[in-house]
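This briefing is meant for a reader who is new to the structure shown below. Please look over the sequence and the model before reading the notes that follow.

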Amino acid sequence: MLAGLFLIYLICLLLMIWDKPNLAFGLLLINFILSMFLFLPHTLDVLNIRL
Amino acid sequence: MANFQRLLNLLFIFVLFLVLLGGYIYQYVKGVDPCPLCLLQRLGMVGVAASILMNCRFGIKPQYYGLAILSALFGRLFSLRQIAMHVCPEFPAFGQDVLGFELYVWAYVVFSCSIFACAILLILYGFTKHKDFPPVWGMAEKSAFWAIFLIAAGNLLTTFLECGFTACS
């Protein structure tokens, strides 16, 4: 799963080479949101929130 | 002014590349496998570098700086999490220290400096008269791209070998 996030970054970099700014930007943003949600327990712990 | 901003963007990318490369060298020289939180911090650094690279590839735009700040905040969150885990005296630090600090403390410093650098670059952008930066894709930009591409590919490979398809947590 964590490796998948690195893979998405590689795809973003390839999209930059293929001159697709909007797709690359969108994918970078999705990757950020995905990372935050995938590691939600850690994120909540930092914010001192217990579910 | 435009060339100065391009130069700062390139410098920013190369500094992040050197930090990531340093982490890699540390991993192999000291033989310390990175923990899941360390990998998340590397993910954040690659994210910052990729966002700043967008400025080099497609011309400088504030939304790319915004994305870099988000990635830096993401990485900073996880380095803070790791600092908080090891801050108690009876809880041993993870790995060996570099120049008196553990790597996750350095990661926190790098992310904080990244946010500071983005703020300065945004201020410089705000003071620029002609905001339509044509993209420049020269030798230096291509080198920065391949440096980040190779470090991201290397991290993908080592993360996959260490964690497989799991969340690694």
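Read along its sequence, chain A follows the pattern α-α-α, having three helices and zero strands, where helices (H or I, at least four residues) and strands (E, at least two) are DSSP runs numbered from the N terminus. This is a predicted model, in which local features need pLDDT of at least 70 and side-chain atom pairs count only at pLDDT 80 or more, while totals for chains, interfaces and linings use all residues. Residues are numbered from 1 along each chain as its sequence is written, chains are lettered from A and ligands numbered from 1 in the order in which they are written, and side-chain values use heavy atoms, with hydrogens and water left out.

**Chain A and A3(A)**

- Of the 51 residues in chain A, 39% are buried, a term for under 20% relative accessible area, with exposed meaning over 50% and partly exposed in between (1.4 Å probe, protein chains only).
- A3(A) lies in helix α1 of chain A, which covers residues 2-17, and A3(A) is buried, with a relative accessible area of 5%.
- Leaving aside residues up to four places away in sequence, A3(A) touches L156(B), T159(B), F160(B) and G164(B), a contact being heavy atoms within 4.5 Å.

**The interface of chain B and chain A**

- The contact takes 40 residues from chain B and 27 residues from chain A.
- About 3,100 Å² is buried between chain B and chain A, and carbon and sulfur atoms give 83% of this area; buried area is the accessible area (1.4 Å probe) that two parts lose on being put together, summed over both.
- In chain B, the residues that lose the most area to chain A are L43(B), R81(B) and L156(B), which together account for 18% of what that side buries.

**Helices of chain B**

- The elements that give two or more residues to the side of chain B that touches chain A are α2 (36-58), α3 (62-86) and α5 (139-163) of chain B, and α2(B) gives the most, with 14 residues.
- The 25 residues of α5(B) should span 36 Å at 1.5 Å a residue, which agrees with the 35 Å between its end C-alpha atoms; the expected span is 1.5 Å times one less than the number of residues.
- Just after α5(B), G164(B) takes a positive phi of about 65°.
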